Amino acid sequence: MTAFNSFAEGALTLEQWQHVEALARTLTPAQARWISGYFAGLDAGLLRGGAPAADIAAPAAAQGRTLTILYGTETGNSRDLAKALAAAAAERGLSPQIADMSDYKTRLLKDEQDLLVIVSTYGEGDPPQPAVGFFEFLEGKRAPKLEKVRFSVLALGDSTYEKYCEAGKRIDARLEELGATRIGGRVDCDIDYDDPAAAWSKAVVDRLAADLAQSATALPGIAVPSAIPTGAGTPAYDKKKPFGATVIENIAIVGRYSSKETRHIELDLAGSGLTYEPGDALGIAAVNDAAVVGQLLEATGLSADAEITVKGETIALAEALENRFEVAIASPRFLDQWAKLTGAAELEALRGEERAAERLLYLRNHHVVDIVRKFPLPGVDADSLLAGLRPLQPRLYSIASSLAAAPDEAHLTVAPVRYTLHGEPRSGVASSQLADRIEIGDTVPVYIQHNPHFGLPKTDAPIIMIGAGTGVAPYRGFLQEWEATGTEGRSWLFFGERNFRSDFLYQTEWQQWLKEGVLTRMDVAFSRDRGQPKTYVQHRMLQQAKDLYAWLEEGAHVYVCGDEKSMARDVHETLIQIVSEQGRVDRDTAEDYVRRLASDHRYQRDVY
Amino acid sequence: MTTDTHDVDRSTDLSQPLDRLGPDETLKYNSDYLRGSIDQGLLDRITGGVKFEDNKLMKFHGIYQQDDRDIRDERRRQKLEPAYTFMVRVRLPAGVCTPEQWLKIDALARAHGGDQIRLTTRQTFQFHWVVKEDLRPTIQGLHEVLLDTIAACGDDARTVMATANPEDSAVHAEVAVLSKQLSDHVIPRTRAYHEIWYGEQKVATSEEQEPLYGKTYLPRKFKIGFVVPPSNDIDVYSQDLGFIAVSGANGLEGFNVTIGGGMGRTDNEPRTYPRLGDVIGFIAKDRLLAAADAIISVQRDFGNRKERARARFKYTVDDKGVEWVKAEIERRMGAPFEPTRPFEFTSNGDVYGWQRTDNGRFNYTLFIENGRIIDRPGKPLLEAIRAIAHIHRGKFRLTPNQNLIVADVEAGDRAGIDAILAEHGLAENGRTSALRLNSMACVAMPTCPLAMAEAERYLPDLIGRLETLLAAHGLADEPITMRMTGCPNGCARPYVAEIAFTGRAPGKYNLYIGGGFHGERLNRLYRENIGEPAILEILGEMLGRYARERAAGEHFGDFVMRSGYFAEPA
């Protein structure tokens, strides 16, 4: 009844409505969705067929509900999906507004009507860094009642982590709590999100288009605002179609006796049409080490040549394992799958919701091959193995160069991840591929992952760059850019690593930039120099607290790049401490200050 | 400062305005008496090195920046600066130290100096591989045992040498005291060293800080040595200023003075050359400081400050004439030199093993190849000497040939020292070819910035090959002085050796032959730019002829000079 009333007047005849209502009572939610899609498809078919188009050819939305697509992203996946969704919606006559949670003016929230949310989850169940402010608002006391709002949430996540898709779950629950109405159930996507995301998009667009069709028939003749531009700016190469970049340099840039193996890699992008801004990342579609695949095949007893089907394509198992699946780190899904297949009590015991911590620890200490060796399953078939494996994901690296200084090139700073587990050497997929298995002249499939939340200021505001280890990479790009473009801003770099003599990444370049004035100041902290107290970047920040605060007061932008747990967290705390001490304010005020820096895009982090 | 009324060319000396002299003069003048920005440079964490100007000034503090040249190129590719470390040279007049001082040197070497000590050709300790942050701890550590590094390098009067002759103790002791007095007298007076390295407060003062040197110090380094004949171990003719001890019935009476010696030459610069000092007369021992002041001040006032390659005292002596220089010194001393007293040298080498001294005690001279004290498998030399230092009740003397004398040992303590040597695989020390025992090489690669070829790391191998030739000709026990340097500058005093090699390029050396066995004659360039095969062939032929044709007791250097190897006489 109310539903009928909410339709624009005259959308259906009463008789038609009674049929629909009678039918609706019998429908399961799945059937309802199907029927929604059916009618939407029918509508589209009618449009294409052109027959009854006279009424609908110029569909109107102005009198319909507003639609906002809100995304929260760390690496850009949610943004890309949001853009695709907006394009699909526009094609269907809807007029979506697209907004990044980091930019979104939260005061507009109370006036929203239809809200589609796409959000990824970061780390252990946290929202993406740039979206933290939005979450604080939404989950805080100042959030408005949203009774007029209809919504649906697409949650992106990674089942390798505990608290899978947690950010999306939190928004979904909170919107409901604030009185909003769900127009489609939340869909949670694992890292192989393409298919479920497309299904969700189609379902919500179909639903909204159907609503629009109703109102449109009632009020024709109002022009459609121009849709989100698509196509023109789309690069020829992207994540789905990476470009084969030629390796033109690949050398260790740590000196003798270093405890690290950090490498400098230069890739040739000529002919790709790929462009990036300093601060963007390069995605590398890495492949697994054949030796690791061999170990897994041996442990499972499966044949390398066994034919299997992946996404409709029949390939040899060894090839699939090498190129399509994560074969080293086991996900909770694999644990689940292997527990089911083997019935092993030890694995079963790790499955419960309340065992998350133990599960996490277990997965940290047991790769796929370790679990298979420990709980062998003679005669297991390839599909059962693959069902537990995650699709192989590209790896992202902050670009360490600027196109202005090195046209057609992207430089990377890569520290191979290596450790020993169960007496065997283990290594990171991409980092070890770049370090051990790629030589100058080889090609690597790459794409650009733009990072709108980590880039140079548009003005000549001072910049404070804080990075440890390979986290210094984007700053090399920043300074190359400033040098090449002759930008005359003040810059200050804090860099930390283990040993001065061997690990001072790009030392001669910083020295040169200091000499030329491209880099104004530099402070370094080395944590493992003999006879010196362990010193980290935050210690140097504290030593320079007065000047650092002065720079902040003068409008400096602060960048933090590197490891979250071992650096960024402490740096964040230190920033608050410096603001509190130097600004002589209490902790809450200092936190507000830092939060405001972030919301003003003056505090940007690229942490992992 | 005296006014000069003599008719000599003053166009390149201190009388000229700074801007007409070499850039180093301005640098010294503006350094605020050797301070520069050294203290700030030590705090700069972006580089392991120091600024160009500060490096020059730090030489006056006995320190200079080097880098590991073996990996210079590798580090450039790694986008890392060169692996800078510092060489720290101790000021050790006469090469004498106590066991307590030795133990501190040993501890500092292990803490900051790459687990090794280098004994230099000028009787002192050198630490290599000291990183910038370790400089202050190293120098403060030395200070704890009353050692310093003042003027161990730089344009000043260097650490003063003295014969280490193990057989003589009374004269040696007196000469050692005088060399310490002289060294203390001629080092810079500036408080910069105390401020920078010991952290002492700067005291404002209006009085002149350097009565001897002034603001621009000397034109170039100035080497001083005492020698006690018949040993010429310090190569007195290679010193800018040499004092040849003359003893009479009542012990030390005074010194014959030599001026204007020096080894260095510059490649492809014929106006530079090694030169033997001239003996200009005798002074009584109580005139020592007055004579040194006069001589140093002459070089200060007349030395060439326009061209560093021509700035050593030897060129001043040649340019002004030795008689003119002598007269100017006498004028400044206020007294003439007495006539030279007779003296005789027999050797510039060391005598190894136990020697009884004139006071009834014993000295043990330990052969240390090229002065490098380091623990090697089966031969833990650093450890051995540390053990000796723990029980030794006398002194240590460093010799000008880079060896070490355990001096003033009571007869009853000999066995203990022998036991330590045996325990550390050193029982056979000194029992090697006479050629090796009389050889010397400078540090060269990989730390010395001037080196063009290997020296210390290569000479032992080359000698190994020559020993085969020597044995074939029955010359294994024939002492022949052989010296190798990585460049033409002459730190190992190559130009007075009977056979010498100076580096030109990796694996390539100039071969010099014919120096006097006790340092009395310069050798001559025989072949340029040759590698090992040519060296072995040429020396093989010469040694063969020497074995067959030499007169009784004739030294190799004397033999080759009369045997037609040079078309014309020197």
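Let's start with one side chain: A:S502 makes a polar contact with the side chain of A:D503, at 2.9 Å. A polar contact here is a pair of N or O atoms within 3.5 Å; within protein, one must be able to donate a hydrogen and the other to accept it, and residues adjacent in sequence count only if both atoms are side-chain atoms.

A word on the ground rules. This is a predicted model, where local features need pLDDT of at least 70, side-chain atom pairs count only at pLDDT 80 or more, and totals for chains, interfaces and linings use all residues. Residues are numbered from 1 along each chain as its sequence is written, chains are lettered from A and ligands numbered from 1 in the order in which they are written, and side-chain values use heavy atoms, with hydrogens and water left out.

Back to A:S502. It sits in helix α18 of chain A, residues 500-503. Helices (H or I, at least four residues) and strands (E, at least two) are DSSP runs, numbered from the N terminus. Is A:S502 buried or exposed? It counts as buried, because its relative accessibility is 4%. The cut-offs: buried is under 20% relative accessible area, exposed is over 50%, and partly exposed is in between, with a 1.4 Å probe and protein chains only. Leaving out residues up to four places away in sequence, A:S502 touches A:I253, A:V254, A:G255, A:R256, A:S258 and B:L80. Contact means heavy atoms within 4.5 Å.

How many residues of chain B are in contact with chain A? There are 19, and they meet 23 residues of chain A. The area buried between the two chains is about 1800 Å², with carbon and sulfur atoms giving 48%. Buried area is the accessible area (1.4 Å probe) that two parts lose on being put together, summed over both.

The term means a side-chain nitrogen of Lys or Arg within 4 Å of a carboxyl oxygen of Asp or Glu. The rule finds three salt bridges across this interface. Between the chains, 11 residue pairs are in polar contact, both residues at pLDDT 80 or more. On chain B, α4 (72-77) and β2 (84-89) each supply at least two residues of the side that touches chain A. The largest share, three residues, comes from α4(B).

Now inside the chains. Over all chains, the count is 94 salt bridges. One of them joins A:R186 and A:D172, at 3.2 Å, N to O. A:R186 lies in the loop between β5 (181-182) and β6 (187-189), and A:D172 in helix α7 (166-177). A:R186 is partly exposed because its relative accessibility is 30%. A:D172, at 5%, counts as buried.

Chain B has its own pair: B:E195 and B:R35, at 2.8 Å between the closest N and O atoms.

Last, chain A as a whole. Its secondary structure comes to 23 helices and 21 strands. Of its 608 residues, 50% are buried. In α11 (332-342), the buried residues include A:F334, A:L335 and A:W338. Their cover includes α12, α13, α14 and α15 of chain A.
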